[in-house]
Amino acid sequence: EVQLVESGGGLVQPGGSLRLSCTASGFSFSSSGMSWARQAPGKGLEWVSGIQSDGSTDYTDSMKGRFTISRDNAKNTVYLQMNSLKPEDTAVYYCAVGVFRNSWSKYDYWGQGTQVTVSS
């Protein structure tokens, strides 16, 4: 059974940082691309970033330079380091298996999400 468990969300002030983690099990993590997506209140899903099995990364333009995705295959974990956070980054953040940008139908497995709130 595929499981994805996100953690690391919380309340942070504008300009602050958070590191999200997604620990995976039940599939060959090291051979799989992984993505982060988010859903802000009242809005649809937005793809944030992805990392392929070879470590190559991709980002939505608005997150480039502020967010960094990485992975630790020994720990079956993908990370999202978020810096210079803005109130508009407030959302539930999800990890998913694969890197398909906004082609949501291609993602078979999702985590339960972790809430990030950016507010003073």
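Which two cysteines form a disulfide here, and how far apart are their sulfur atoms? I will come to that pair in a moment, after a word on what we are looking at. This is a predicted model, in which local features need pLDDT of at least 70 and side-chain atom pairs count only at pLDDT 80 or more, while totals for chains, interfaces and linings use all residues. Residues are numbered from 1 along each chain as its sequence is written, and side-chain values use heavy atoms, with hydrogens and water left out.

Now to the opening question. The two residues are Cys 22 and Cys 95, whose sulfur atoms lie 2.0 Å apart, and a disulfide is counted when a pair of cysteine sulfur atoms is within 2.5 Å. A search of the whole structure finds one disulfide. The pair links distant parts of the chain, since Cys 22 sits in strand β3 (residues 18–25) and Cys 95 in strand β9, 73 residues apart. The torsion about the S-S bond of Cys 22 and Cys 95 is about 55 degrees, so this disulfide is right-handed. Both Cys 22 and Cys 95 are buried, where buried means under 20% relative accessible area, exposed means over 50%, and partly exposed is in between, with a 1.4 Å probe and protein chains only.

Next, the sheets. Strands here are DSSP runs (E, at least two residues), numbered from the N terminus, and two strands pair if DSSP finds at least two bridges between them. Four strands form an open sheet in the order β1-β3-β8-β7, with antiparallel pairing. Its edge strands are β1 (3–7) and β7, each of which pairs on one side only. Within this sheet, β1 and β3 pair over five bridges, and Val 5 stands opposite Thr 23 in β3.

Six strands form another open sheet, in the order β2-β10-β9-β4-β5-β6, and here the pairing is mixed. The edge strands are β2 (10–12) and β6 (57–59), each pairing on one side only. Strand β9 (residues 91–97) runs antiparallel to strand β10 (residues 114–118), and three bridges join them; Tyr 93 stands opposite Thr 114 in β10.

Let me stay with strand β5 (residues 45–51), which is mostly covered, as five of its seven residues are buried. Six bridges join β5 to strand β4 (residues 34–39), the two running antiparallel, and Arg 38 stands opposite Glu 46 in β5. These two strands form a hairpin with five residues between them, and Gly 42 in the turn has a positive phi of about 75 degrees. Towards β6, strand β5 pairs in the antiparallel sense over three bridges, with Gly 50 opposite Asp 58 in β6. That hairpin also has five residues between its strands, and there Gly 55 takes a positive phi near 90 degrees.

Finally, what is the nearest side chain of opposite charge to Arg 71? Arg 71, which lies in strand β7 (residues 67–72), is buried yet has no salt bridge, and the nearest such side chain, Asp 54, is 7.2 Å away. In these terms Lys and Arg count as positive and Asp and Glu as negative, with His and the chain ends not counted, and a salt bridge is a side-chain nitrogen of Lys or Arg within 4 Å of a carboxyl oxygen of Asp or Glu. The side chain of Arg 71 does, however, reach the backbone oxygen of Ser 32 at 2.8 Å.

Technical notes: Polar contact = N/O pair within 3.5 Å; in protein donor to acceptor, adjacent residues only side chain to side chain.
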